[in-house]
Amino acid sequence: MQRIGVFVCWCGSNISATVDVEKVSAVLALEPNVVISQNYQYMCSENGQALIRNSIKEHNLTGVVVCSCSPRMHEATFRRACESAGLNPYMLEVANIREQVSWIHKDIEEATEKAIILGRTAIAKLRLNTPLTAGESPVIKRALVIGGGIAGIQSALDIAEAGYEVDIVEKSPTIGGNMAKLDKTFPTLDCAACILTPKMVDCAQNEKIDILTFSEIESVKGFVGNFKVGIRKKARFVNEKLCTGCGVCTQKCPSKRGLNDFNMNLNTRPAIYIPFAQAIPNVAIIDPEQCLKLKNGKCGLCAMQCPTKAIDYTQQDEIVEREYGAIVVATGYKPISLENFNEYGYSTYKDVVTSLEFERIMNAAGPTSGHLERPSDHKQPKVITFIQCVGSRDTSGCGKPYCSKICCMYTAKHAMLVREKYPDTQVNIFYIDVRTPGKNYDEFYRRAVEQYGVNYIKGMVGKVYKEGDNLVVQGSDLINNEQLLIKSDMVVLAAAIEPDPSVRKIATLLTTSIDTNNFLTEAHAKLKPVESPTAGIFLSGVCQGPKDIPETVSQASACAAKVIGLLAKDKLKCNASTAGADEMLCTGCSLCENVCPYGAITYIDKEFRLGGGRTEVRRVASVNPAVCQGCGACTVTCPSGAMDLKGFSTKQIMAEVDAICKN
Amino acid sequence: MQELNKEHKPLIVAFCCNWCSYAGADLAGSSRLSYPANVKIIRVPCSCRVNPTFILKAFQKGADGVILCGCHPGDCHYTSGNYYARRRMTLLFSMLDYLGIERERTRVEWVSAAEGAKFSKVMNEFAKTICELGENKRLEDLRCKD
């Protein structure tokens with residue numbers, strides 16, 4: 001016979017203003033099995049919890065119902081309170097009378113009635129609760145970081161610093177990500193390579209860090225503390241262990257027509273190449289699309305020239321299986337495709353470039369060795385017009401509805417760099433709003449306007465077209481209310497950024513969620529910004545939302561702190577709400593095994609006594625509680641009703657349905 | 001909406017998965033987006049935990065409408081639970097149709113944790129539909145009546 005205590009929370013006036021809490025506790029006191037029913041101002045406060053703890057002891061309670069805010073908010077708090085009073089923490093049910101009642105209903109009578117029904121429903125369920133014990137599972141003390149940009153690098157370095165092993169899996173042939181392509185960084189204008197490449201070297205030299213480049217995540221199994229990840233190491237046709245990065249092969253390669261994606265396709269590269277001088281690992285890679293040997297078997301020059309015999313034309317993709325306790329997603333971003341923005345002439349005119357292409361043009365290690373020249377005729381432009389918000393804050397459906405956040409600052413940076421190096425160049429910037437919050441950011445923007453004389457024009461650009469050798473930017477100046485036609489030698493588009501497309505597959509593999517713009521969703525927008533809703537998966541950098549470098553680095557370190565906290569534990573509590581089969585009903589049909597997304601169900605042959613000394617061996621389902629995550633798919637699939645889910649049993653849910661429908 | 005409620009207060013049972021739709025309902029609450037008080041939510045870990053018998057039971061016990069809410073396809077916390085739910089409900093709904101229960105009395109909706117507004121909108125629309133359909137007597141369990 002259950003002895004139930006009911007505790008109704010006022011939540012200050014959040015609940016008590018629309019729900020008659022006295023009436024709720026008085027009515028629920030009359031329910032069968034309820035031995036005490038009380039109400040209090042803040043049930044989650046220390047005093048409120050003490051009230052629960054003392055009542056459990058005083059009235060020998062076997063179960064507790066708290067009528068309060070959402071269980072997603074304080075279920076864990078009240079479970080701890082029960083546990084500390086010696087009651088099994090799963091002998092608790094929460095009736096959500098704030099989010100589902102007081103906050104959405106205005107009529108006191110109606111709200112009170114609903115609160116009573118929800119309380120009754122919780123009591124009805126609790127009557128059928130049984131004490132549950134969460135199992136424990138060991139934590140594998142190794143982390144996986146997906147993505148080797150600045151976010152992944154920072155997370156990996158911090159995790160390694162704490163003494164744990166980390167693998168970085170990067171899909172391109174080198175780590176460094178987008179930051180490696182940048183010229184200077186705002187607001188200090190120090191060069192990106194000077195601050196990034198030492199960190200890349202640190203990763204390579206750190207004994208705790210293993211870097212797997214040109215590799216992708218193929219499969220993910222398991223759960224927090226125990227992930228099993230399959231990683232595809234794509235064939236690079238060069239033995240990484242033998243290659244010293246001397247570069248002889250790249251000079252001898254006769255096929256030099258492949259586009260150099262590190263330079264945003266602004267120039268070409270040999271079929272065998274090293275992405276850039278400071279690449280980590282500093283190992284060559286063959287582009288099979290361009291390699292004459294791989295395409296038609298005729299060549300092999302690089303293999304002949306290689307002093308360490310590192311070239312291997314027969315190399316195949318390789319699948320590596322590794323185990324991790326925690327996973328950091330740091331997949332980063334790419335600029336959006338501009339195919340929907342024909343008005344700017346990006347695909348028509350060579351001298352219309354994106355900001356990331358402009359970074360490469362300005363970069364001393366870029367295709368023009370840092371000389372500002374326009375792509376069409378290599379002349380130095382005299383007038384450059386920048387257009388901001390290309391595809392950002394765009395609700396027309398062509399672009400992205402959000403602000404890409406970094407464009408205002410990098411456009412101001414580009415303008416300053418141009419004016420600094422080429423003071424006679426005229427720089428115009430079309431903007432919708434200039435958004436520069438951040439430490440020393442607004443000062444930076446003002447310097448562009450005041451000291452560098454950059455011509456900021458508030459307005460939109462309607463069209464970019466060609467007149468003779470030059471481009472004409474047709475736009476409106478909203479402040480002076482006039483239409484402008486600006487002759488420009490070059491146009492730079494601040495294209496919106498979007499999550500790297502690889503994130504969709506990765507999110508599916510990790511069973512974590514993505515928002516409508518393909519950004520990964522954090523567990524709580526304010527209070528859990530680096531955790532994903534899936535335990536053991538953490539989010540670092542732009543994969544979670546647009547960010548600049550300082551913010552990305554902060555988030556990456558925050559992520560590392562969370563990973564370290566997890567890896568420092570020897571054991572984790574498993575999910576207590578697991579499935580289990582009634583062996584007397586189980587027919588061994590295997591249907592549940594097929595629907596289980598975690599492979600938690602196996603079949604065992606078990607001996608059963610039939611009476612009279614006879615026994616029989618039957619095949620029955622057996623659930624591994626350490627692997628079961630408690631979704632309940634098996635319970636509904638089971639044709640004989642043998643499978644049930646602890647904490648959400650068929651009887652419990654039926655009792656809830658009954659209680660709701662009673663009146 | 002309120003006027004319709006006065007004529008007949010339909011009872012609506014909403015099964016919501018813990019990770020998306022229940023959180024969406026919480027967001028509707030914290031955003032103060034109202035929906036009729038006759039909607040009562042039962043929390044389940046995943047939409048795939050909802051056995052068709054729960055829905056039959058609800059109708060038998062006097063519910064006028066039953067709605068099942070889960071994560072959007074592809075976003076299930078447990079990878080694929082909502083796909084199972086979708087298939088099961090498709091079968092169940094055609095059976096309910098055969099039994100003479102109006103198709104509009106049952107519904108499956110995908111509501112994410114970020115879609116508080118959608119949750120409220122869906123519940124308002126569903127409650128309106130059920131109000132217009134009136135009481136459900138088809139599966140009522142007469143044995144329990146006095």
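**Domains, a sheet, a helix pair and a chain contact**

Chain A is divided into domain 1 (4–126), domain 2 (142–234 + 317–332 + 502–567), domain 3 (248–305), domain 4 (335–498) and domain 5 (579–646), with bounds that come from an automatic or database domain assignment. The C-alpha centres of domain 1 of chain A and domain 5 of chain A lie 36 Å apart. This is a predicted model, in which local features need pLDDT of at least 70 and side-chain atom pairs count only at pLDDT 80 or more, while totals for chains, interfaces and linings use all residues. Residues are numbered from 1 along each chain as its sequence is written, and chains are lettered from A and ligands numbered from 1 in the order in which they are written.

We turn now to a sheet. In chain A, three strands form an open sheet in the order β11-β12-β17, with antiparallel pairing; strands here are DSSP runs (E, at least two residues), as helices are (H or I, at least four), numbered from the N terminus. Two strands pair if DSSP finds at least two bridges between them, and β11 (215–223) and β17 (318–324) of chain A are the edge strands, each pairing on one side only. Averaged over the sheet, neighbouring strands are turned by 20 degrees against each other, direction ignored. Between β11(A) and β12 (residues 226–233) of chain A, which run antiparallel, there are eight bridges, and A:Ile217 stands opposite A:Ile231 in β12(A).

A helix pair comes next. Helix α11 (residues 355–362) and helix α12 (residues 407–421), both of chain A, pack with their axes 11 Å apart and at an angle of about 30 degrees, where axes are lines fitted to C-alpha atoms over the stretch in contact and angles run from 0 to 180 degrees between N-to-C directions. That angle makes α11(A) roughly parallel to α12(A), a description used for angles under 35 degrees. In this packing, A:Ser355, A:Phe358 and A:Met362 in α11(A) meet A:Tyr410, A:Thr411, A:His414 and A:Leu417 in α12(A), and by class the contact has four nonpolar, three polar and no charged residues. Nonpolar here covers Ala, Val, Leu, Ile, Met, Phe, Trp, Tyr, Cys and Pro, charged covers Asp, Glu, Lys and Arg, and the others, Gly among them, count as polar.

Finally, 37 residues of chain A are in contact with 39 residues of chain B, contact being counted if C-beta atoms, placed from the backbone, lie within 7 Å. The largest share of the side of chain A that touches chain B, eight residues, comes from α18(A).

Terms used: Parallel < 35°, antiparallel > 145°, perpendicular 65-115°, else oblique. Contact = placed C-beta atoms within 7 Å.
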